[in-house]
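Let's walk through this one together, starting at the ligand and ending at the sheet. Have the viewer open and follow along.

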Amino acid sequence: MSGPSTTGCVVADERRRPPAAVVFDALGSRYEAAFASSEAHRRSLRWLSERLPPGARVLDVGSGTGRPTAAALARQGHRVLGVDVSPVMVEIASGQVPEAEFECADIRTMPLEDGSFDAVCVYFSLLQMSRTEQAALVKRLARALRPGGLLALGTVPLDVENFDGVFMGQPVRVTSFAAQEVVAVVRAADLTVESQESVMFTPAHPDARPEPHLFVHARRPDGGTEATDGSRTE
Ligand SMILES: C[S@@+](CC[C@H](N)C(=O)[O-])C[C@H]1O[C@@H](n2cnc3c(N)ncnc32)[C@H](O)[C@@H]1O
């Protein structure tokens, strides 16, 4: 695997850096420590692992420190590409998970080839995007899946838009959807929802309060081959 690529993160004007890069550059490994005990995240990864073919190509959107997601999947022999807008996170992930590949880029503008991944993970990386961007991204990620490919999405399902809060000591502006809207966004991307899990989780951080976590597991339908008479072969 090649080393981390950071070209996608160069922003000439510091003040125009994506807000997520500013927050997660500041947090670095402290984020991993605060969320390491999430059993629901591990169950979500198990859902994926049990369904992936050997040597699957997996895109990890907002790969953070590379743990637990990229590390667990790469350890199982899958080919993982992690993408993160925070150069600090990419640096940490590349050091911790050398068997995966990491790229520093904003997923909102990164080109994605149709049908090129067996699975896409999006764990807690949508929250600094607008609702329109979140929905558009999930559609693009769905198209990047091969037919039959899998999406694992984790988020904080709150009906908030541009909510100014403090996350582990960092000022953040958060946008999300209520749980049923998250599921609707996934369905609107033409994916079939196979399972979902809602839990409360308290990060290991002095300021942290319990927060809702939602994991949605979905599949791009395998449409089969359409014959000239319109019938389909699965
Ligand atoms: C809350 S952390 C989650 C990290 C990891 N997915 C996990 O669950 O442990 C969100 C990550 O998504 C990244 N991120 C947020 N917006 C992004 C974007 N537009 N493009 C790429 N990465 C993004 C952040 O830099 C951060 O590392």
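A quick bit of bookkeeping before we look around: Ala, Val, Leu, Ile, Met, Phe, Trp, Tyr, Cys and Pro count as nonpolar, Asp, Glu, Lys and Arg as charged, and the others, Gly among them, as polar. Keep in mind, too, that this is a predicted model.

With those classes in hand, go to the ligand. The shell around the ligand splits into 12 nonpolar, 7 polar and 3 charged residues. Out of the 22 residues there, the ones that come nearest are Ala-20, Gly-62, Gly-64, Tyr-123 and Ser-125. As for secondary structure, two or more residues of the shell are given by each of helix H1 (19–27), helix H2 (29–35) and strand S2 (79–84). H1 supplies the largest share, with 3 residues.

Now on to the sheet. It's an open one, built from 7 strands with mixed pairing, and reading across you get S3-S2-S1-S4-S5-S9-S8. At the edges sit strand S3 (101–104) and strand S8 (192–201), each of which pairs on one side only. Going from one strand to the next, the twist averages 15°.

Zoom in on the S3 end for a moment. S2 and S3 run parallel, and 4 bridges join them. Find Val-83 here: opposite this residue stands Glu-103 in S3.

Lastly, look for helix H7 (residues 179–188), which packs on the sheet and touches strand S5 (145–155), S8 and strand S9 (211–219). If you compare directions, H7 makes about 20° with S9.

Methods
Residues numbered from 1 in each chain as written. Predicted model: local features only at pLDDT ≥ 70, side-chain atom pairs only at ≥ 80, totals over all residues. Near = placed C-beta within 6 Å. Pairing = 2+ DSSP bridges. Axes fitted to C-alpha atoms, helices over the stretch in contact; angles between N-to-C directions. Contact = placed C-beta atoms within 7 Å.
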